[in-house]
Structure formats: C-alpha cells, structure tokens
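Please read it with the coordinates open.

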Amino acid sequence: MEPIWICFWAVILIIVSIVLMRIIQPWLIKELRAKGKIGIDVHKLDKPEVAEMGGISILIVACTVAVLPIIFTDLVIVRIQIIVFMGVVGIAGIIGLIDDLYGLGSKMKPLLVAGASIPLLIANFVYLNQIFYPWPDFPLVGQGFNIDYLYWILVPIGIAMAANAVNMIDVVNGSMSGPCVIIFGVLLICSLLKQPVSEVGVLLSAIMFGVMLIFYKYNRFPAKVFSGDVGSLAIGAALGAIAIMGGLEVVTIVVAMPLIINAFQILASVRGFVEGKKHKSRPSIVKSDGTIAASTDNKAPLTLMRIIMAKKPLKEPEIARNFTSLTIFCGVLAIITLILTDYIKFTL
Amino acid sequence: MKIITDIFTKLKLLLADLRRNLGLLLIISIIWVLLLIGILFLKVYIGPMQAIPTLINYFPAAFIDFVTSIVKVIIAGIYVLIWLYLWNRSVRTYFWRAIKKYYGLPDETQNGAPE
C-alpha cells in the first residue's frame, strides 16, 4: 500500500476506534456497576466506588476494529499479522479477565501472559520469518547483530514484560492510560517514519491510539472506570506485539522507559514477583489534605510514583501528569532513536 | 481562542513537570546514551571477535562458532547487567537523596512514614 493510503487508513481506524469506544465505554461502565463489579479508589479521602474491569472495552474494540484492515489491506502477510495481533491481545486479555475474576498468583501471571506469544511464534514458524523479522534494526549499526535464535526466546519474554510493565504502572487515575496514549502515538509516528514504512505498525498503533484516547477520558482523574488486569495486560500485549511485528523493538523500549523503570525498580526492591496486596509496606500514604506522599520505609517497593513524590507530596492528577510528561520526554528520545536507526548509520 | 490558551497552559504545566523531574530525566538520558554506547561497543569490539583463534587448527569450525557465540552472549549479558546495575543505583540514589532533602532522614536504612 502507498504511504499516503496507509496514512488515510490510519486516520479512518483512529476515528472508528474513537467512535466505538465512545459508544461502548459508557454502556460498559453502567453494566459493570449494575453487576457489582466495582473497586475502591484508595488514593482518595472519601474512597469512592469505581467500575472495575473497564478494560474489557479495550479488548473488544481493538479486536473488532482490527478486522477492518484485514478487509482493505492487499498484503496477505499484513492480514496474518493482524490476525496474530488479535490472538495475542485476546489471550492476554482473557488471562487478565481470569485474574480479575478469580485471581492468579503473582508468579503464574507473567508465565501465562508469556503464553500469549504462542500465535506469534507459530505464525512466524509457518510463514518463515515474515510475521516478525528476527534480525532487528539497532540504532547506529542497523542490522548489526545476528541474534535469530535468541530473538525467538526473547519474544515470549518481551510480551510478558510489556504486559506486566503496563499492569504495574496502573496505580492512580490516568497513570496507565495517559502514558499509553503517548506511547501508541509515538509508535504511530515511528512506524510512519520507518524506512520502509511499517504498514502493520501504523495500522495497529492507530487502532490502539484511538482506543486509549477514549479510555483515558474515562480513566483520568476523577476516574469513572478502572481498566483491571483485563485491560492492562491486553494493552501491554498489544504494545509488545506491535513492537515485534512492526520492527520497533528498540524504539518501544525507549518510549516505554517510565514503565520499565517502574517495573524494574519494583522487582529490584522487592526481589521478585510479589502481588501488590502482599507487600509488607505500602509505597505511598494518603495524607489528611488529600495529597499523596512517598513512604520513607525502606521495605516499601520503589515505584515510579514513589520516586516522583520523593521531593514533595503531590495530588493524584499531578502524579499522573508527571508520568505523562516523562513519557513525552521518552517519546522524543524514541523518535531520535528511530532516526539513528533508519536514517543515520555508521559503516563499521 | 480558549483552545490556544488551554494548549499554552498544558505546555506550561508540562515544562514545569519536566523541570521538577530534571534529575530523573538526566538519569533516563544517561541510560539511553549508555544503551547506544553499548550497542556500538558490542558491534565494534564483540561482533568481530573470535573466541579461540589460537586453537583454530585443533577444533572443527562449527565448535569454534558455537563457543564464540556463547562468549559473545555472555559478554553482552554482562554489559546488560552492568547497565541495569547503574540504572538501579542511580535511581535509588536519586530517590533517597530527594527523601533526605524533604523529610530530613539521614539515609536509606532509616524507616518511617511521613504524616
């Protein structure tokens, strides 16, 4: 497809995603509330009840809108890639749904989410490295490393890491949805700037950008809905799948650095996967004036929220805004990384 | 007109946030630069490396390639571990320095919760 047509379809996909989300999300909030699927917003003094598992809409809309490019694209491989995307996101979302309803162990969850990469691996095996390319481009050196066997092992790890990193950043209203809007926006720009244009990257990033934009509207302070693990794991798996199939691995690592810092620092400080509710000490404290302060307990997990609040206590929307600001900064670094990957290459 | 004012207000807030998190942004930038340096280092020095050049006549080529690949992966792994260690250390130092400045706690070993 010509780049101009890819841009045209990207705009159409964003619009369709926005319209569908705008219809489904309010209806879903009502349904979830009626069915008693509500959670307590612990970072507010009055502890309001908020609809939980609202991420079901993300799963439904992302997989529904993804059918459109299957119809209009003329490349068979892109069609297969989109079906694989639906499979990866669907499996991760269902695992999240089971976790929301019945609870999975903190060690079991990443293992199961890694299993969401099975469609990706099988399709790439069948279509002989056309679904993803196991010789990724690196900044400054291009395809400098022959890591094909290692790449196959890194695919499930990457999907599990992306899904859990998104899940772990979902701590206050808008702290996950805001940065994710920026991340998918940057991936959309990078897919367009990539040489040659990553068609699958553009189409899938456009869908997720539209979906996240409307989800952010309902999830930002004061939140009307929480995504639940069904939403956060599906978004993370989508992020991983776009990075792998779109050939945007290094760019995604750079733009998602706030998420990676958060996940890495938590894992390093509590030494492994521990369920949030089982932490001996909470990373933050809600003060009597409504602001949130960082805990100074050295046993508390070192989350990004705690790091940001170290200088002074902040209000909930300020924390989410800080997350988004950091992601915008990383987005700029990611675009520079893409330029260093595709436009400036050293002959070594 | 209101939209333009809104955009300027949002931009001001964004800049204020970035200024507030300058230390963290510096850490992110250093981590990013180290990532690029690491890729160049691996490409220039480790990529063309031959693990056992002096024993080349005694072992079959496939075995030498296998050992070379393992050595390269180990070196890359060590670089990644050093990178992660520097990242972890710098973030922890930044956090506890900020805590010390705001809450007046002497170091990382002291517990407590602000109120």
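1. Two residues are taken to be in contact if their C-beta atoms, placed from the backbone, lie within 7 Å. Among contacts in chain B between residues at least 6 apart in sequence, 47% join residues at least 24 apart. The model is predicted, and everything below should be read as computed from it.

2. Chain B contains 3 helices and 0 strands, and its elements follow the order α-α-α from the N terminus on. Of its 115 residues, 11% count as buried.

3. How many residues of chain B are in contact with chain A? There are 33, and they meet 35 residues of chain A. On the chain B side, helix H1 (2-20), helix H2 (22-46) and helix H3 (61-103) each contribute at least two residues. That side of chain B divides by class into 21 nonpolar, 6 polar and 6 charged residues.

4. In chain A, helix H4 (residues 76-102) packs on helix H10 (residues 228-245) at an angle of about 155°, and the two axes are 7 Å apart. Because of that angle, H4(A) is roughly antiparallel to H10(A), the cut-off being over 145 degrees. The crossing of H4(A) past H10(A) is right-handed.

5. The residues that H4(A) brings to this contact include Gln81(A), Phe85(A), Val88(A), Val89(A), Ala92(A), Gly93(A) and Asp100(A). Among those they meet in H10(A) are Gly228(A), Val230(A), Leu233(A), Ala237(A), Ala241(A) and Met245(A). By class, the contact of H4(A) with H10(A) has 13 nonpolar, 7 polar and 3 charged residues.

6. H1(A) passes H2(A) in a crossing that is right-handed. From H1(A), the residues involved include Leu13(A), Val16(A), Leu20(A), Met21(A), Ile24(A), Gln25(A) and Leu28(A). Among their counterparts in H2(A) are Ile56(A), Ile60(A), Val61(A) and Val65(A). The contact of H1(A) with H2(A) divides into 10 nonpolar and 4 polar residues, with no charged residues.

7. Ile214(A) is placed in helix H9 of chain A. Is Ile214(A) buried or exposed? Ile214(A) is buried, because 24 other C-beta atoms lie within 10 Å, and the threshold for that class is 20 or more. Not counting residues up to four places away in sequence, Ile214(A) touches Ile18(A), Met21(A), Arg22(A) and Gln25(A). Of these, Met21(A) and Gln25(A) are also among the residues with which H1(A) meets H2(A). The C-alpha atoms of Ile214(A) and Ser288(A) are separated by 32 Å, the two residues being 74 apart along the chain.

8. One joins Gln195(A) and Pro196(A), with omega about -10°; Pro196(A) is in the loop between helix H8 (177-193) and H9 of chain A. Another joins Phe221(A) and Pro222(A), also with omega about -10°; Pro222(A) is in the loop between H9 and H10 of chain A.

9. Two positive phi values are listed as well. Met53(A), which is not a glycine, has phi of about 60° and lies in the loop between strand S2 (49-51) and H2 of chain A. Met53(A) counts as buried because it has 23 C-beta neighbours inside 10 Å. Leu128(A), also not a glycine, has a positive phi of about 45° and lies in the loop between helix H6 (118-126) and helix H7 (148-169) of chain A. With 7 C-beta neighbours inside 10 Å, Leu128(A) counts as exposed, since the limit for that class is 12 or fewer.

Methods:
Residues are numbered from 1 along each chain as its sequence is written. Chains are lettered from A and ligands numbered from 1 in the order in which they are written. This is a predicted model: local features need pLDDT of at least 70, side-chain atom pairs count only at pLDDT 80 or more; totals for chains, interfaces and linings use all residues. Axes are lines fitted to C-alpha atoms, for helices over the stretch in contact, and angles run from 0 to 180 degrees between N-to-C directions. Helices (H or I, at least four residues) and strands (E, at least two) are DSSP runs, numbered from the N terminus. Angles under 35 degrees count as roughly parallel, over 145 as roughly antiparallel, 65 to 115 as roughly perpendicular and the rest as oblique. A crossing is left-handed if the near helix is turned anticlockwise from the far one by less than a right angle, and right-handed if clockwise. Ala, Val, Leu, Ile, Met, Phe, Trp, Tyr, Cys and Pro count as nonpolar, Asp, Glu, Lys and Arg as charged, and the others, Gly among them, as polar.
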